[in-house]
Structure formats: structure tokens, C-alpha cells
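Reader: Please walk me through this model. Keep it brisk.

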Amino acid sequence: MANSTRVYLRETTGGHERVMIMAYLGAGDGDADEIRRIVERDGTVVEDTIASFGAAGEQWLREQDEGYQAAGFAPISP
């Protein structure tokens, strides 16, 4: 079981957008993966949800990482 947090930041014309991904990866230990996504725009939380739940958390994280970077977000944590 592993926990991780990833943060992405992108500057916008009006300020910034920040995405925090908190992951609990427990599928390898017989538990489920649970990934929470929090999106802030200019300091205001606009999304706070369980973005993924099940056994494919690592794949979901890889796909999201690629997507955020392609959309202009810079990773500011591993």
C-alpha cells in the first residue's frame, strides 16, 4: 500500500490553476485504490472529488500526469 500526493500548477490570464492529486494505492494489498482530486482556481476550490476508485489507480495516475502536462500544467511535486 502506498500513499502519494502530486501537485500541478498552470498560470492563466486571470491568475492560476492548481490541481492536487492524493492517491492511496492499496489494490496490490487486496484493498482498493482511491484517488482524490482537488482543483483550485485563483485560490477557490472548484472541484473536490474522488476521481478514481478501484484497481487501476497507477494507470489512472500515469494518464492524468500525461494529460495535465500536455494541457500546460507544470508538476511542482513528484
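Author: Start with a definition. A residue is buried under 20% relative accessible area, exposed over 50%, and partly exposed in between (1.4 Å probe, protein chains only). This is a predicted model: local features need pLDDT of at least 70, side-chain atom pairs count only at pLDDT 80 or more, and totals for chains, interfaces and linings use all residues. Residues are numbered from 1 along each chain as its sequence is written, and side-chain values use heavy atoms, with hydrogens and water left out.

Reader: Is serine 77 buried, partly exposed or exposed?

Author: Serine 77 lies in the segment after S5. Strands (E, at least two residues) and helices (H or I, at least four) are DSSP runs, numbered from the N terminus. The relative accessibility of serine 77 is 22%, so the residue counts as partly exposed.

Reader: Which residues is serine 77 in contact with, beyond its neighbours within four places in sequence?

Author: Contact means heavy atoms within 4.5 Å. Arginine 37 is 40 residues away along the chain, and its C-alpha is 15 Å from that of serine 77. With neighbours within four places set aside, the contacts of serine 77 are Thr5, Arg6 and Val7.

Reader: What is the mean pLDDT of the protein?

Author: pLDDT is the predictor's confidence in each residue, from 0 to 100. Where it is low, the predicted coordinates should not be read in detail. Here 97% of the residues reach 70 or more, and the mean is 91.

Reader: In what order do the strands form the sheet?

Author: Two strands pair if DSSP finds at least two bridges between them. The sheet is open and has 5 strands, with antiparallel pairing. S4 (44-54) and S5 stand at its edges with a single partner strand each, so one side of each has no neighbour in the sheet. The order is S4-S3-S2-S1-S5.

Reader: How many bridges pair S1 with S2?

Author: A hairpin links these two strands through 2 residues. S1 and S2 run in the antiparallel sense, and their bridges number 11.

Reader: And how many join S2 to S3?

Author: Several facing pairs can be named. Alanine 23 stands opposite isoleucine 35 in S3, and glutamate 17 stands opposite arginine 41 in S3. S2 (residues 15-25) and S3 (residues 33-41) are antiparallel, and the number of bridges is 8.

Reader: Which residue in the turn between S3 and S4 has a positive phi?

Author: These strands run antiparallel, joined by 9 bridges. In one of them, valine 39 pairs with glutamate 47 in S4. The hairpin leaves 2 residues between the strands; the one with a positive phi, about 55 degrees, is aspartate 42.

Reader: Is glutamate 40 buried or exposed?

Author: Glutamate 40 sits in strand S3, and it is the bridge partner of arginine 18. Not counting residues up to four places away in sequence, it touches His16, Glu17, Arg18 and Val45. Its relative accessibility is 18%, so glutamate 40 counts as buried.

Reader: Which strands do the buried residues of H1 pack against?

Author: The buried residues of H1 are Gly57, Trp60, Leu61 and Tyr68. They cover an arc of only 100 degrees around the axis (taken from the directions from the helix axis to the C-beta atoms), which puts them on the same side of H1. The face turned away from that side carries the exposed residues Glu58, Glu66 and Ala70. The buried residues pack against S1, S2, S3 and S4.

Reader: How far does H1 reach from its first C-alpha to its last?

Author: The expected span of a helix is 1.5 Å times one less than its number of residues. H1 has 14 residues, and 20 Å is expected. Its reach is close to that, at 20 Å.
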